[in-house]
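Please open the model in a viewer and follow the stops below in order. Each stop says what to select and what is found there.

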Amino acid sequence: MLDIVYYPDPILRNMSEEITEISDEVKELVAEMFDTMYENDGIGLAAPQIGKNIRLFVIDVPDELSDNSTKMAFINPKFLSKSKEKEKGEEGCLSLPEISANVSRPIAVKMQATDIDGKEFVLEAEGLLARCLQHEYDHLDGIVFTDKTSLAGKLSVKSGLRRLEDEYMYRMSKKDSE
């Protein structure tokens, strides 16, 4: 299992780089990312969250209308379109444990990406799947969900973010003293 990078680690704020080759190393990373996501009860995990600034994320979103899920890897994803209509929904993040807030996002998206076999695909999504795609994509651009909350949302997560900042500083000071 891979280690999750926690807020406010600077790697979460970096712009990720395109993947130029889908090597065995990338395929192995995808498998490890799925294992890590499942182990942490997530529905999505972006490469920056495990310390890699590459344009890659994995998702496994339960279908709201059936027992199916959408288990997929997205390499070098791009949005082709987003609906003008938005809705607020509660979000959390493996890199910001125990923090959640409402985020307003487009309700439907169309995304193009490459899979681990090197095949391009287009996915149209709405609901939770669309929200998850947007959330994970944001990580590739150095954005965390709390950046997109309202002022009230930012105030509601302030103490949680401060706790994570304090924990991060403590971990860094321990590392420095080793």
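A residue is called buried when its relative accessible area is under 20%, exposed when over 50%, and partly exposed in between, for a 1.4 Å probe and protein chains only. The model is predicted, so local features need pLDDT of at least 70 and side-chain atom pairs count only at pLDDT 80 or more, while totals for chains, interfaces and linings use all residues. Residues are numbered from 1 along each chain as its sequence is written, and side-chain values use heavy atoms, with hydrogens and water left out.

**Stop 1: backbone geometry**

Most residues other than glycine have a negative phi, and most peptide bonds are trans. Select E98 in strand β5, residues 96-106; helices (H or I, at least four residues) and strands (E, at least two) are DSSP runs, numbered from the N terminus. The phi of E98 is positive, near 65°, and E98 is exposed at 76% relative accessibility.

Next select D41, in the loop between α1 and β1. Its phi is also positive, near 60°. Is D41 buried or exposed? With a relative accessible area of 71%, D41 counts as exposed.

Then move to Y7 and P8, which are joined by a cis peptide bond with omega of about 5°. P8 belongs to the segment before α1 (24-39).

**Stop 2: a buried glutamine**

Select Q49, in the loop between β1 (44-46) and β2 (56-62). Q49 counts as buried because its relative accessibility is 1%. Which residues does Q49 touch? Leaving aside residues up to four places away in sequence, the contacts (heavy atoms within 4.5 Å) are D3, I4, V5, L12, G44, C93, L94, S95, E136 and H139.

**Stop 3: the largest pocket**

Rolling a probe the size of a water molecule over the atoms shows where empty space is left. A pocket is an open set of points on a 1 Å grid over the protein atoms alone, where a 1.4 Å probe fits, with protein on both sides within 12 Å along at least five of seven lines; lining residues have an atom within 4 Å of a point. The largest pocket has a volume of about 260 Å³, a volume being the space filled by probe spheres set on the points. Select I43, G92, C93, H135 and E136, the closest to its centre of the 15 lining residues. Two elements, β4 (86-93) and α2 (127-140), each give two or more residues to the lining. The largest share, 5 residues, comes from α2.
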